[in-house]
Amino acid sequence: MRERLHAYLLHIALDALAYCACRGRWDEVRAHVGTVLTLASAGGGESVLIPAGA
């Protein structure tokens with residue numbers, strides 16, 4: 001379950017990144033890059049964005 005949630009969070013973050021890039025919102029793109037990098041560098045289910053009890 002935690003791996004699936006991790007994958008969903010990564011998918012949502014990448015979608016937000018793509019949308020902001022398409023709209024030319026470069027300040028928001030920079031903000032989303034940090035989230036994507038955090039999620040991508042964490043192992044499945046080890047993300048700091050997922051609460052420990054989830």
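Mentor: Start with the chain as a whole, keeping in mind that this is a predicted model. Of its 54 residues, 20% are buried. The chain has 2 helices and 0 strands.

Trainee: What makes A13 a buried residue?

Mentor: The relative accessible area of A13 is 8%, and buried means under 20%. A13 is therefore called buried. It is found in helix 1.

Trainee: Which residues does A13 contact, leaving aside neighbours within four places in sequence?

Mentor: They are T35, V36 and L39. For T35, the separation from A13 is 22 residues in sequence, while the C-alpha atoms are 6.7 Å apart in space.

Trainee: Which residues make up the largest nonpolar core?

Mentor: There are 6 residues in it: A13, L17, C20, V29, V36 and L39. At least two of this core's residues come from helix 1, and at least two from helix 2 (26–41). As for L17, its contacts beyond four places in sequence are V29, H32, V33 and V36.

Trainee: How do you know that C20 is in no disulfide?

Mentor: The structure holds 0 disulfides. For C20, the nearest cysteine sulfur is that of C22, 9.8 Å away. A disulfide needs two cysteine sulfur atoms within 2.5 Å, so at 9.8 Å the sulfurs of C22 and C20 are too far apart for a bond.

Trainee: Are these two cysteines, C20 and C22, buried or exposed?

Mentor: C20 has a relative accessible area of 3%, which falls under the 20% limit, so C20 is buried. C22 has 67%, over the 50% limit, so C22 is exposed.

Trainee: Why is L5 called partly exposed?

Mentor: L5 has a relative accessible area of 32%. Buried is under 20% and exposed is over 50%, with partly exposed in between, so 32% makes L5 partly exposed. L5 lies in helix 1 (residues 2–23).

Trainee: What share of contacts between residues at least 6 apart in sequence join residues at least 24 apart?

Mentor: In this chain the share is 55%.

Definitions and conventions. Residues numbered from 1 in each chain as written. Predicted model: local features only at pLDDT ≥ 70, side-chain atom pairs only at ≥ 80, totals over all residues. Heavy atoms only, no water. Helix = DSSP H or I, 4+ residues; strand = E, 2+ residues; numbered from the N terminus. Buried < 20%, exposed > 50% of the residue type's maximum accessible area, 1.4 Å probe, protein only. Core = buried A, V, L, I, M, F, W, Y, C linked by side-chain atoms within 4.5 Å. Contact = heavy atoms within 4.5 Å.
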